[in-house]
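Hi,

Here is the structure I said I'd pass on.

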Amino acid sequence: MQNHNERLIAKLDLSDFLADFLTYFAREKSFIFEGDRHFYAILLQELDNHPLNPPPPLENLNEPLRLLQKYGTLKLYEIFAFIKLMRYFAYLKKNISESTPRTKEWLDKILIPDGLQEIDNVFDDKGEIKEGVYNEIDTLKSHISRTKMHIDEHISRILHSSSLAPYLIDSSVHYINQNECLLLKAGYNHIIKGMVLERSHSGFFYLVPESIITLKEKQNELKDSLEQSLYNICKSLSNTLHKHERFLHFLNKAFDTFDHIYARLSFAKAHNLSFIYEMTREKNIILSEFSHPALQSPKPINFAYKGDVLMITGVNAGGKTMLLKSLLSACFLSKFLIPLKINAYHSKIPYFKHIKAIISDPQNSKNDISTFAGRMLEFKQILNTSDLLLGIDEIELGTDADEAASLYKVLLEYLLQHHAKILLTTHHKHLAALMAHNPKVQLCAAMYDIQAQVPLFEFLDGSIGKSYAFESAQRYGIPASLISQAKAVYGKDKERLNELIERSSELEITLEQKRLELESLIAEYERKILSLNELSNAQKEEFELLKHNLQSTYNQATQTLKSALKSQESKEMHKAFNQSHKILHTAPSLQKTTQNPHTFKVGDKIKYKNAKGHILSIKGEMCVIELEGGFKFKEKLENLKPSFAPSPTPKSHITFEQSKSVSVSLDLHGMRGEEAIEKLDEFLSNALIAGYDEVLVYHGIGSGILSKLVRDYLLTHPKILSFSDAPANMGGFGAKIIKL
């Protein structure tokens, strides 16, 4: 699998791009991650704008883990590598918030055992053992340090000795095999004793003074003791790590998981790249503003590959191969969530289990294999591959064009039967013509500017392109005389035949597209007609139901008023007026779509429903109106309409006589429930007609029955804006202030 990917990467010109990407890992690994792609995509999206420190650089810990499994003893730096793992995940758990729920859920599952946290306390940030943890280590380090100071002091005194000065070559301390030496001339031995380690090129002597030799021996003994003590500590710590070996395996893999995520985010930000988070189930490849990473200052590709076979034809050096590589590269990089230069929002890339490319010339002289034979071997290996995306460059390479057209037609149709998706470049007009009638085949042509005689690096969908071999040869320096001879050999008949093939294929494709478009339009119109008919029937039924309900409601309200008028009693008429208003209030109404644009003022003639009248007073959105029949009541301005016609003189008019002085309060003390409600109803009607905004009703406290009856009635009255208990000085809980 790895070897196949490496070959594919080389064929698609992605080697340098992926080599750069690999440098963003904290430790060396493959760019292929283990596990669910969807999981990685979610974490990438969550952490995209979440700043975090990068993972620490680490060596591969597989060998230390293998040693732990066999009860081996790790070196101090290997133990500290596991400490760095634990410390980084502790940092992540501390800095990941609820804004990244899936990442937090994953990190919450990583629980570091107490035994490993104790080992963490042993080391400082540089991987050295902290002072005060092991007294023996601290003592040995102190003795070694003091011995080093004594050595330096002895060397300094010797260098400044006047008796030795004539024999000193220089005043530097030289190190031979980590031993402090002096560089001396011959004859020094009657001044200083010591051991010669080496002679210089000039014949001088590197001497370790005798006093220094004694101190070095002591220093080496202390270092050996320190090494032994450190080994014992490493052995003890390794035993503790062995107890948690499975957890360390898990933590090591979790580190690689996060390293994959952080490297991708860092690489994307460094190069301004985008991710394809979700891969589509449909096998259509749609690229928007994609740039192949191998190109410098590329022209972005916008291309929709919706067929099962894409045949790319047209001019030489016009970008056919790069289009093929771009489509394959986008699918390959997106499969492994490697960021790329693309408009991810408008692009759609499907997932393919197998991506193959037949691009390079497989000819091999060592194996005595021809170009065509090599191509056939590659086809043999992929014939029965499932979920395949296959790219073939210059499919006609290596054999007779006419024979190849027939052979490749059969091979391509066989692969299509096994649900492969294929894209290929070709100059075979014969093959293109054979395949053009297949509805699964999508044709596109590399475009050429005939006047400028240069390729445009653009593609025309649904067309068979011309190779422009003669024009390309002239552009690359072939003499015009030779090109003219080649055109003569080629012949006009062959040229006309090629043009006929191109035009007939294009015409067939165009007609098929038109047929499909017309069928789609017809189906669309039929759906719209059916939908409109259903909507019309539904609206008719709704209108009839609304009409019936309105008619019933108004009949009921009218009947109530007629019955009251026949009784000729003012009290009954007031009750009937309120009751009919309730009935009308419950009638279904159409929702208002526009507000009343008219601005009313006092004295304006208005129309309220089917009655006319004029405005007596205005307060905010409410007003008091008087109808032509003499009725006075409050109403919202938005329910009124201006009446521009002169009000006719009423032939008859009904007036409700009221006392000259309508009280603003009503006392219900001592009344029975039914009597109290009748009085309250009459009082409120008179107050409304009088234009009062607020009235006071006393009902007392008592057993609370009358208070409840009054409250329930007020809740159902259509003209009550609000009510509340009166202040203490106006009756308190035994009275209600009512706003009309």
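Tyr-71 sits in the loop that links helix H4 (62-69) to helix H5 (76-95); helices here are DSSP runs of H or I with at least four residues, strands are E runs of at least two, and both are numbered from the N terminus. Its phi is near 65 degrees, a positive value in a residue that isn't glycine. Most residues other than glycine have a negative phi. Tyr-71 counts as exposed because its relative accessibility is 59% (exposed is over 50% relative accessible area, buried is under 20%, partly exposed is in between, with a 1.4 Å probe and protein chains only).

Leu-337 also has a positive phi without being a glycine, about 55 degrees. Leu-337 belongs to the loop between helix H11 (320-335) and strand E8 (354-358). Buried or exposed, then, for Leu-337? At 1% relative accessibility, Leu-337 counts as buried.

Before you go further, a word on what you're looking at. This is a predicted model, where local features need pLDDT of at least 70 and side-chain atom pairs count only at pLDDT 80 or more, while totals for chains, interfaces and linings use all residues. Residues are numbered from 1 along each chain as its sequence is written, and side-chain values use heavy atoms, with hydrogens and water left out.

On confidence: the protein averages a pLDDT of 83, and 83% of the residues score at least 70 (pLDDT is the predictor's confidence in each residue, from 0 to 100).

Now the inside. The largest nonpolar core has 100 residues, and the ones touching the most other members are Leu-18, Phe-82, Phe-89, Phe-123, Leu-241, Leu-327 and Phe-332. (A nonpolar core is a set of buried Ala, Val, Leu, Ile, Met, Phe, Trp, Tyr and Cys residues joined through side-chain atoms within 4.5 Å.) Helix H10 (residues 245-271) gives the most to this core, 12 residues. At least three residues of the core come from each of domain 1 (1-133 + 229-271) and domain 2 (279-470); the domain bounds are from an automatic or database assignment. Apart from this core lies another, of 24 residues, including Ile-392 and Leu-443.

What does Leu-327 contact, leaving aside its neighbours within four places in sequence? Among them are Phe-303, Tyr-305 and Leu-423. E6 pairs with strand E5 (residues 285-290) in the antiparallel sense over four bridges (pairing needs at least two DSSP bridges between the strands), and Phe-290 has Ile-301 as its bridge partner.

Finally, there's an open sheet of four strands in the order E1-E2-E4-E3, with antiparallel pairing. Strand E1 (174-176) and strand E3 (194-199) are at the edges with a single partner strand each, so one side of each has no neighbour in the sheet. E1 and strand E2 (residues 179-184) pair over three bridges, and Tyr-175 is bridged to Glu-180 in E2.

Technical notes: Contact means heavy atoms within 4.5 Å.
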